[in-house]
Amino acid sequence: MELSNPSQKACRPLWRRPGTWYAAAGLLLYAILILGNINACAGGSDSSGYLNHARLLASGRVHVPVRAIQGLPPDRAPSYLYMPLGFKPAPHGDGIVPTYPPGLPLLVAAAAPFAGWDHACDLVIVIHSLLGLLLVFALGRSFGLEPAWAVLGAVIAAASPLYLTYSLQAMSDVPALAWTTAAILAAWRSSRAQAGVRSGGWALAAGAAFAMAVLIRPTNILALAPLLIALGLSVRRLSFFVLGGLPGAVFFALHSLAAYGHPLATGYGDATVLFDATFVGPTLVHYLRWLPALFTPVVFLVAALPWAGGAARRPAAIMGSWTVAYLAFYCSYYCTHETWWYLRFVLPAAPALVVGGLLVAHRWAAAGKPAAWSSGRRRLVFASALIAILAFESFWSRKLDALSVGRGEATYPMCAEWLRQHLPKDAVVVAMQESGSIFYYTDFTFVRWDQMQGPDARRVIEVCASAHRPVYASLFDWETDDALRKRMPGAWSRIGEVRNVTIWRLDGS
């Protein structure tokens, strides 16, 4: 599906090729689409956890004291009563520490001096979204796809409802994809480069990118198998790879030691309880249903890569191990099968699924002798494939409302602003879903309604009364019944509303 004669292209500078300008225009339009819909703010557990963590790292801390009510210290209250989402008790009772890994918070903290804290995460997510598409294209080219085919791979990723959804909020999934792909691409280029400085430099870059991928999400250690296959059997390349990853590994160990008391610990604690063999069957069915909807049916072709005509063993082994590592690991995870957006966990393997599938399609097309086609016919086929991909994924993006997530996330800072404007500074706010956002955007003391039973609620109300502190509640519509009628029954008056969040005052407090 090459659009022009390769020998002619080789003689022309990149900037003089029409395809380069078309691709740049497409990338610019995509950037405008993302910028018009993104809201990478402190919202629910994940997003507020990352941004709160970023501020702590920027201040040189990982521990922070709880905001407790006078008369009810943390050691006399339920352990998570004052705990914002995205945090956990620190070892030895030294305040609270972030739950989520430090990679994305590090990047946000680095961007804050340039974009400010209100837009630092926007900048980080947009850069990684665009970078991810360029890396998918580069991966396709490095593994043998012609430019037009590699463009189709980037378009499949860009138009995917899953990729779009996680390019519009403060989540680590798209950065995890970008750094994992960068690591494997650099490792492959290291093994393809001539021995010398260039080969060692690519291996060094692969190690650094892999370290960042693991800092962003520790389960990206799953990429080690395709990385080692890409590097090949070379002590020199492996040494440079280890050297490149060493600074990241040292930071991981020091951060974990400071935050969790052990250099190999993570904020997730013992996650083995979240995996069970009973989830394998439903998750496999979920993969078969949703992966082709999210990344087009071309993903099915990756299974045929080892048998595709002219397939080289190492590329097939890299793509295969990359895909299998992620799909197999998350196959027994407790929530992967529950809904389509939980396939974000396997998003770092999407480049292997897409590029691997296109490699098979490319080789089958080559067997049909498309080289004999005229350039006009090739352009027509490329345009048809491009339109079909965009139509298919636009249908699913509209059906799944992929572009709405940024608007939904805006509810959190809007609600925090309402609380700042209307509540007295000494107010105690009952919350759960908003607790991380309240912790990030305000100085209010809050209590988690989901951590209280009847006696706990009475103690909180009594202590607030003794301290002369008014009690309010800020709740999403799905929280209200459980919070105000089951956990903290009382004379609540509704005093405000921000979208689907309602604000209540406990009368007499």
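**View 1. The second largest cavity of this predicted model is lined by Val136, Ala157, Tyr163, Leu177, Phe295, Ala350, Pro351 and Val354.** A cavity here is a set of points on a 1 Å grid over the protein atoms alone where a 1.4 Å probe fits but cannot get out, and lining residues have an atom within 4 Å of a point. About 30 Å³ of space lies inside this one, a volume being the space filled by probe spheres set on the grid points, which are joined across faces, edges and corners. Helix α14 (residues 350–367) gives the largest share of the lining, three residues; helices are DSSP runs (H or I, at least four residues) numbered from the N terminus. By class, the lining has eight nonpolar, no polar and no charged residues. Nonpolar covers Ala, Val, Leu, Ile, Met, Phe, Trp, Tyr, Cys and Pro, charged covers Asp, Glu, Lys and Arg, and the others, Gly among them, are polar. The model is predicted, with local features needing pLDDT of at least 70 and side-chain atom pairs counting only at pLDDT 80 or more, while totals for chains, interfaces and linings use all residues. Residues are numbered from 1 along each chain as its sequence is written, and side-chain values use heavy atoms, with hydrogens and water left out.

**View 2. The largest cavity has a volume of about 50 Å³.** Its lining includes Thr99, Tyr100, Pro101, Pro102, Phe252 and His255. Seven lining residues are nonpolar, five are polar and none is charged. A search of the whole structure finds two cavities of 30 Å³ or more.

**View 3. Tyr330 and Phe345 form a stacked pair, because their ring centres are 5.4 Å apart and their planes at 15 degrees.** Rings of Phe, Tyr and Trp (its six-membered ring) pair if their centres lie within 6.5 Å; planes under 30 degrees apart are stacked, over 60 edge-to-face and the rest tilted. Both residues sit in the loop between α13 (313–329) and α14, 15 residues apart.

**View 4. Phe439 and Phe446 meet edge-to-face, with centres 6.4 Å apart and planes at 90 degrees.** Phe439 is buried at a relative accessible area of 10%, and Phe446 is buried at 1%.

**View 5. The charged end of Arg55 sits over the ring of Tyr440, 4.0 Å from its centre.** The charged end of Arg55 also sits over the ring of Trp117, 5.6 Å from its centre. Such a contact needs NZ of Lys or CZ of Arg within 6 Å of the ring centre and within 35 degrees of the ring normal.

Conventions:
1 Å grid on protein atoms, 1.4 Å probe; cavity = no way out; pocket = protein on both sides within 12 Å on 5 of 7 lines; lining within 4 Å. Helix = DSSP H or I, 4+ residues; strand = E, 2+ residues; numbered from the N terminus. Buried < 20%, exposed > 50% of the residue type's maximum accessible area, 1.4 Å probe, protein only.
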